[in-house]
Amino acid sequence: MDFLLLVKAAIMGVVEGLTEFLPISSTGHLILAGSLLGFDDAKAKVFDIAIQTGAIFAVVLVYWQKIHATLVELPTSRQAQKFALNVIIGFLPAVVLALIFGKFIKAHLFTPTVVATTFILGGFVILWAERRPASATRVMTVDEMTPLDALKVGLVQCLAMIPGTSRSGATIIGGMLMGLSRKAATDFSFFLAIPTLIGAGVYSLYKERALLSAADIPLFGVGLVFSFISAWLCVRWLLRYISTNSFVPFAWYRIAFGIIVLATAFTGVVTWSEV
């Protein structure tokens with residue numbers, strides 16, 4: 001295995017782990033990073049999706065107490081059953097729409113220009129959401145969510161099929177706009193990520209299995225490890241951050257970064273690959 005290729009895998013793993021659960025779009029950053037690194041062929045696209053599993057393992061570790069308690073109490077506790085049902089309800093819309101529109105989106109929307117544009121638009125949505133009055137919050141914890149709340153968040157998650165939107169950003173900010181507290185929206189976004197991203201990773205590996213071989217194991221292994229470590233650090237930091245801070249800095253980051261990508265693309269300063 002080419003050492004330089006492993007270094008690229010490590011970099012991509014760090015990018016995935018640091019951006020997957022922040023409202024700044026991991027897919028968008030992976031597309032742009034892959035374009036700069038020359039790591040954007042068909043196998044790289046499978047790699048980008050597969051290493052999300054490493055980030056999900058970090059979420060499972062951070063939330064293990066809640067996950068374990070839910071699984072143990074599932075047969076007897078109505079609260080545990082309600083929580084599990086909400087996660088399933090939130091997960092299903094993305095499955096249905098991905099099967100219908102996934103191929104079209106991958107063929108036409110996975111470009112740096114689309115990513116940059118959705119970065120900017122998403123930033124303005126975050127600024128709008130953070131200006132809502134505190135009185136609009138009606139759900140303080142994930143245990144207070146109704147199935148209808150879960151369905152609404154699940155439908156908003158589908159917007160993240162457009163690269164650059166951010167799955168975390170769509171679910172967290174969408175949840176806040178629907179009356180969830182910042183903490184409840186963030187927690188539910190993390191729980192919803194577990195079936196969503198594991199499902200996407202398994203499906204992608206199975207669908208594109210002809211592209212892969214045993215020789216790719218070190219490449220994917222490095223990406224998974226670095227994705228896990230960086231995501232674990234990021235999730236722990238984010239949960240502390242949101243207790244006293246808003247998402248406004250992420251909004252301005254999205255807007256500034258999107259403008260830079262558009263400017264460099266149109267002026268030719270950087271040749272972004274159309275992936």
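Biologist: What share of the contacts with a separation of 6 or more comes from residues 24 or more positions apart?
Modeller: In this chain, 83% of them, where contact means heavy atoms within 4.5 Å. This is a predicted model, so local features need pLDDT of at least 70, side-chain atom pairs count only at pLDDT 80 or more, and totals for chains, interfaces and linings use all residues. Residues are numbered from 1 along each chain as its sequence is written, and side-chain values use heavy atoms, with hydrogens and water left out.

Biologist: How many helices and strands are there?
Modeller: The chain has 12 helices and zero strands; these are DSSP runs numbered from the N terminus, helices being H or I with at least four residues and strands E with at least two.

Biologist: New topic: which residues form the nonpolar patch on the surface?
Modeller: Val14, Leu18, Val225, Phe226, Ile229 and Leu233, with about 480 Å² of accessible area together (Shrake-Rupley method, 1.4 Å probe, only the protein chains shown counting as cover).

Biologist: Which helix gives the largest share?
Modeller: H11, with four residues.

Biologist: And why does Val225 count as partly exposed?
Modeller: Because its relative accessibility is 46%; buried is under 20%, exposed over 50%, partly exposed in between.

Note on methods:
Patch = residues over 30% accessible without salt bridge, like charges linked within 9 Å, V, L, I, M, F, W, Y side chains within 5 Å. Salt bridge = Lys/Arg side-chain N within 4 Å of Asp/Glu carboxyl O. Buried < 20%, exposed > 50% of the residue type's maximum accessible area, 1.4 Å probe, protein only.
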